[in-house]
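Please look through the structure below before reading on. The paragraphs after it go from the whole chain to single residues.

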Amino acid sequence: MALPQPSDDRTALVTGASSGLGVHFATQLASAGQHVTLVARREDRLNQVAEDIRAATGITPLVVTADLSDLESRSRVAEQVASSGRWVSILVNNAGLSTSGPVAASDPEAEVTMIRTDVEAVAHLCSTFVPPMVENRTGAILNVASTAAFQPLPGQAGYAASKAFVLSYTHALRSELSGTGVAVTTLCPGPVETEFGEQAGFTEEETHLAALRYLYVSPESVTSQGLAGLAGGRAVVIPGVGNKVSAWSGWAIPRRVLLPLLRSQHPAMQRGA
Ligand SMILES: NC(=O)c1ccc[n+]([C@@H]2O[C@H](COP(=O)([O-])OP(=O)(O)OC[C@H]3O[C@@H](n4cnc5c(N)ncnc54)[C@H](OP(=O)(O)O)[C@@H]3O)[C@@H](O)[C@H]2O)c1
């Protein structure tokens, strides 16, 4: 299954397009001739990404500033796309964040904001943009989860559970949409060099732990593998051999064995220990 053909009345909507993976998704989609809609909170960053894409590809992106943790703000995304005269034929639910540290030391507001962004927004945007795809018998949805989706993760409990939601939800959505002409894929990256680690509160040293070094895949490669998997009809894409092994281990190793190991190794569980 190929990606939907570019067309004047269609757009590829990428959330979290102001940094990291989202910039590469949007740039790669525009380079393939797709009109792109960029969504995130930081308007200055989105405008700069839009300008870079216009200069590189000749495509002028639609910039939509929205806080995806907020129901009303999310609802306005669809209104702004509709008033641009396009419908969303490709949806990349990429925006996301993590907290770090034990639940016993967590900030309730930060936990809820993460779950609203990582979980609620994914379901909200799929629910909003899938119907026109089905009606037009073409569409593609790439939901970004993580290798953290394959097992619980002490030290990032809410994040791993959120990504497990994305993985489960996307498998079910894929099954529901089978035969409709709409492609559905979950992308599960391992560690990638973006603003994610700092935003999650990890120190430079924690982000670059020796044990993780061999798992890193470049952001360009993660996004191009994700889009290729979507175009190729794959259910799940896990970039990098080490990350495939890690995801398989998370799924296959009994939790009574795995969780004590993860808890003892997770840097956020060692802080203040
Ligand atoms: N980097 C990794 O190691 C890694 C590993 C596995 C999975 N992932 C997943 O990959 C996805 C992209 O992350 P990244 O690595 O590219 O991180 P990033 O550089 O921190 O980018 C995160 C993006 O999400 C947006 N975002 C965060 N909260 C938002 C909100 N409330 N409303 C709207 N947009 C919001 C940010 O934009 P604004 O701040 O401008 O709103 C930013 O554009 C995430 O879903 C993440 O969970 C990342």
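Predicted model: local features only at pLDDT ≥ 70, side-chain atom pairs only at ≥ 80, totals over all residues.

Residues are numbered from 1 along each chain as its sequence is written.

The protein chain holds 12 helices and seven strands; these are DSSP runs (helices H or I, at least four residues; strands E, at least two), numbered from the N terminus. Its C-alpha atoms occupy a box of roughly 55 × 40 × 30 Å along the principal axes.

Of the 273 residues, 42% are buried. A residue is buried if 20 or more other C-beta atoms lie within 10 Å of its own, exposed if 12 or fewer, and partly exposed in between, with C-beta atoms placed from the backbone.

The ligand is surrounded by 29 residues, the closest being Gly 16, Gly 20, Arg 41, Arg 42 and Gly 96. Helix H1 (20–31) supplies the largest share, three residues, and helix H6 (196–199) is another element with at least two.

The largest nonpolar core has 65 residues, and Val 14, Ala 17, Ala 26, Val 36, Leu 38 and Val 39 have the most contacts inside it. H4 gives this core its largest share, eight residues. Such a core is a set of buried Ala, Val, Leu, Ile, Met, Phe, Trp, Tyr and Cys residues joined through C-beta atoms within 7 Å. Beyond its neighbours within four places in sequence, Ala 26 is in contact (C-beta atoms, placed from the backbone, within 7 Å) with residues including Val 14, Val 36, Ile 53 and Pro 61.

Helix H4 covers residues 108–136 and contains Thr 128. Thr 128 counts as partly exposed because it has 16 C-beta neighbours inside 10 Å. Arg 137 lies in the loop between H4 and strand E5 (139–144). With 11 C-beta neighbours inside 10 Å, Arg 137 counts as exposed. Most residues other than glycine have a negative phi. Arg 137, not a glycine, has a positive phi of about 55 degrees.

Notes
Near = placed C-beta within 6 Å. Contact = placed C-beta atoms within 7 Å.
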